[in-house]
Amino acid sequence: MTNLNKIKVAVIGPGNIGSDLMYKIMRSDYLEMAMMAGIVESEGIRRAAGFGVPVSIQGVSAVVRNPEIKIAFDATSAGAHEKINAPALKKAGIIAVDLTPAAVGPYCVPSVNLEGLKTKTNINMVTCGGQATIPIVNAIHRVAGAEYAEIVAAIASKSAGPGTRANMDEFTETTSRALEVVGKAEKGKAIIVLNPAEPPINMTDTVMVRVKDRTVPFETIRNSILQMVEQVQKYVPGYRLRVPPQMDGDKVSTVVQVQGQGDFLPTYAGNLDIINAAAIEAAEAIAQELLKGGDGK
Amino acid sequence: MKLQIVDATLRDGSHAVRHSFTAGQAREIAGRLDGCNVPIIEVSHGDGLGGSSYTYGFSKEDPFSLIAAAAGAVKQAKISVLLLPGIGTIADLSRAKDCGASIVRVATHVTEADISAQHIEATKSMGLMAVGFLMMVHMLDPDGIAEQAKKMESYGADYINLADSAGALLPEQVTERIQAVRAAVKIPVGFHAHNNLSLAVANSLAAIDAGAGYIDATLRGLGAGAGNTQIEVLAGVLQRKGIETGLDFYGLIDASEQAVAPIMLRPQIIDNGSLMLGYAGVYSSFLLHVYNAAEKYHLEPRDILVEVGKRKMVGGQEDLILDVAYSLKKAQQA
């Protein structure tokens, strides 16, 4: 049954990220899961089919053949997005929400810059670590300036799939760049550590920023961070500060933790949860624009 | 092949001097080691390429200029660098090559060998020697370690190095780990000790007896925690044992006394903190960060170390020492 108040979307890539996205889309007031596309028969394809979602193993070519699909989430790999999926979606006029580190389109961190990106045809969701830390860096930047921002993302080994493991450099490089482009740090540095402890650890990220203006009172910086945390919590309910903001000389540090919503992987996989929750937040904003414009009806 | 001694004074030793090595010191130390016939000299920030940071400590001088200085001072020795995927990148690796490095040791936590594929393959494609370096090997059983080593071999590693990063292993545990990996792979196996339980030289001997072909050591034992296997001691012990290394024993003693002792910030001893690292199985590089946090929060370093051990924090998680100290303080105040 077609819902006239929802925009039809596809997910390309039925792995950990894609499967978790599907659960979140099925809960959305603005998005309707119209296709799960992969390139081989897989557990993810079977799972989607089990929910009654149309599936295909012809990848993006199946997505572009369906004229009702307006938005596609790409949860494949940087190479596949850049070379195959992004050009095909663009040609078909389908908006791409890119969860790979390809960054064909502009970086999107909803609490910081979603406003300007609602009409773009391709947006990139940076990385899980970027989604968790860039808001904090930007919150410091807007009141005191950020000369240098460094983040350490610790994730449970179990939540890092083969894609993440084969692309460690893409994670650090994309996150470092986005700390600069969206976080507005003059220099960004990102570090990722996998921790195999059992039971698995919640995703934890440390943020350290060297401020530019040392005359700004710590209280002002702290309040800016706390306001930003509330913004992020609107779309990532498990987002919180584990260690409140501290100041040592010109260094502000804080530790954030993300507990997932337990949609596909257990709650320790906050890394999966935050990038997907951000992608959904962005896609819903785009969908509302489309619905306003009369598209999709 | 003759037993190869890998000197890591200018890498693991970097922790002990809080990453304050200068290009002049690198030139002096590498030149002396080269003259003493040490075949491989490792130069990097203690946490590898890209390690200079708030989290691990900023390098006083550009780490790449230290690599170039060491490379310019050697005649026969090869220069090695350490790289932890997630901290250093292939771009760093390529710069290290331009500075004169010809060996890359790609280090991962003992259970996470598959994150090294990208970097080992890149090393090989640049025509350099690649080493698969497994850290914290006390945390996994011998068969499990052998499985991880096989992965690194399949990516193209030229040898596998097992690191007892917490200095927690006893000699018989070293023996069974080296034996298991040797049985599983066709490439040589090496060992990297820490002296937290005063076993670095004994564990290195156990590794050699079990067939290790490469052993890490440093002048004065300079390194994280209680330091590493002391190279001049090892050279003397191996001479007494009749194992040929080609090392110049007296030359190393002089290098230790004249080039390293004067720049040390603290004596390389087993203080209480270092002992607790080995006892609780904690990554040796955490020690100085724990001392900093203990001072800031007015806590006992050993309480922080035990909690870090309980949380099974792995190498690279220095950032979370702040989190541990903060939670302990809050619990105390509650």
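In the predicted model, A:Glu230 is found in helix α9 of chain A, which spans residues 218–233. A:Glu230 is exposed, because 10 other C-beta atoms lie within 10 Å of its own and a residue with 12 or fewer counts as exposed.

Elsewhere in chain A, helix α1 (residues 16–27) and helix α10 (residues 270–292) have axes that come within 10 Å and cross at roughly 50°. The two helices, α1(A) and α10(A), are therefore oblique to each other. The crossing in which α1(A) passes α10(A) is right-handed. On the side of α1(A), the contact is made by A:Asn16, A:Ile17, A:Asp20, A:Leu21, A:Lys24 and A:Ile25, and on the side of α10(A) by A:Leu272, A:Asn276, A:Ala277, A:Ala279 and A:Ile280. Sorted by class, the contact of α1(A) with α10(A) has seven nonpolar, two polar and two charged residues.

Two backbone features of chain A fall in loops. Most residues other than glycine have a negative phi, and most peptide bonds are trans. The peptide bond from A:Glu198 to A:Pro199 is cis, with omega near -5°, and A:Pro199 has its place in the loop between β8 and β9 of chain A. A:Val126 is not a glycine, yet has a positive phi of about 60°. The loop that holds A:Val126 runs between β6 (122–124) and α6 (128–144) of chain A. A:Val126 is buried, since 29 other C-beta atoms lie within 10 Å and the cut-off for a buried residue is 20 or more.

The contact between the chains takes 26 residues from chain A and 25 residues from chain B. On the side of chain A that touches chain B, the elements giving two or more residues are β7 (146–156), α7 (162–166), α8 (168–181), β8 (187–195), β9 (203–211), β10 (239–248) and β11 (251–258) of chain A. The largest share of this side, six residues, comes from β8(A). By class, the side of chain A that touches chain B comprises 13 nonpolar, six polar and seven charged residues.

In chain B, eight strands close into a barrel in the order β1-β2-β3-β4-β5-β6-β7-β8, with parallel pairing. From one strand to the next, the twist averages 25°. Helix α7 of chain B (residues 171–184) packs on the sheet, where it touches β6 (159–163) and β7 (189–192) of chain B. The direction of α7(B) makes about 150° with that of β7(B).

The loop between β7 and α8 (200–209) of chain B contains B:Ser198. Phi of B:Ser198 is near 60°, a positive value in a residue other than glycine. B:Ser198 is partly exposed, with 13 other C-beta atoms within 10 Å. Helix α8(B) is largely enclosed by the rest of the structure, because eight of its 10 residues are buried. The buried residues in α8(B) are B:Ala200, B:Val201, B:Asn203, B:Ser204, B:Leu205, B:Ala206, B:Ala207 and B:Ile208. These buried residues pack against α7, β7, β8 (214–217) and α9 (231–241) of chain B. B:Gly211 follows α8(B) and has a positive phi, near 105°.

A further helix pair in chain B consists of α13 (residues 301–310) and α14 (residues 321–333), whose axes come within 10 Å and cross at roughly 115°. That angle makes α13(B) roughly perpendicular to α14(B). The crossing of α13(B) and α14(B) is right-handed. In this contact, B:Asp303, B:Ile304, B:Glu307 and B:Val308 in α13(B) meet B:Ile321, B:Val324, B:Ala325 and B:Leu328 in α14(B). The residues of the contact of α13(B) with α14(B) comprise six nonpolar, no polar and two charged.

Key. Residues numbered from 1 in each chain as written. Chains lettered and ligands numbered in written order. Predicted model: local features only at pLDDT ≥ 70, side-chain atom pairs only at ≥ 80, totals over all residues. Pairing = 2+ DSSP bridges. Helix = DSSP H or I, 4+ residues; strand = E, 2+ residues; numbered from the N terminus. Axes fitted to C-alpha atoms, helices over the stretch in contact; angles between N-to-C directions. Contact = placed C-beta atoms within 7 Å. Nonpolar A, V, L, I, M, F, W, Y, C, P; charged D, E, K, R; others polar. Parallel < 35°, antiparallel > 145°, perpendicular 65-115°, else oblique. Left-handed = near helix turned anticlockwise from the far one by under 90°.
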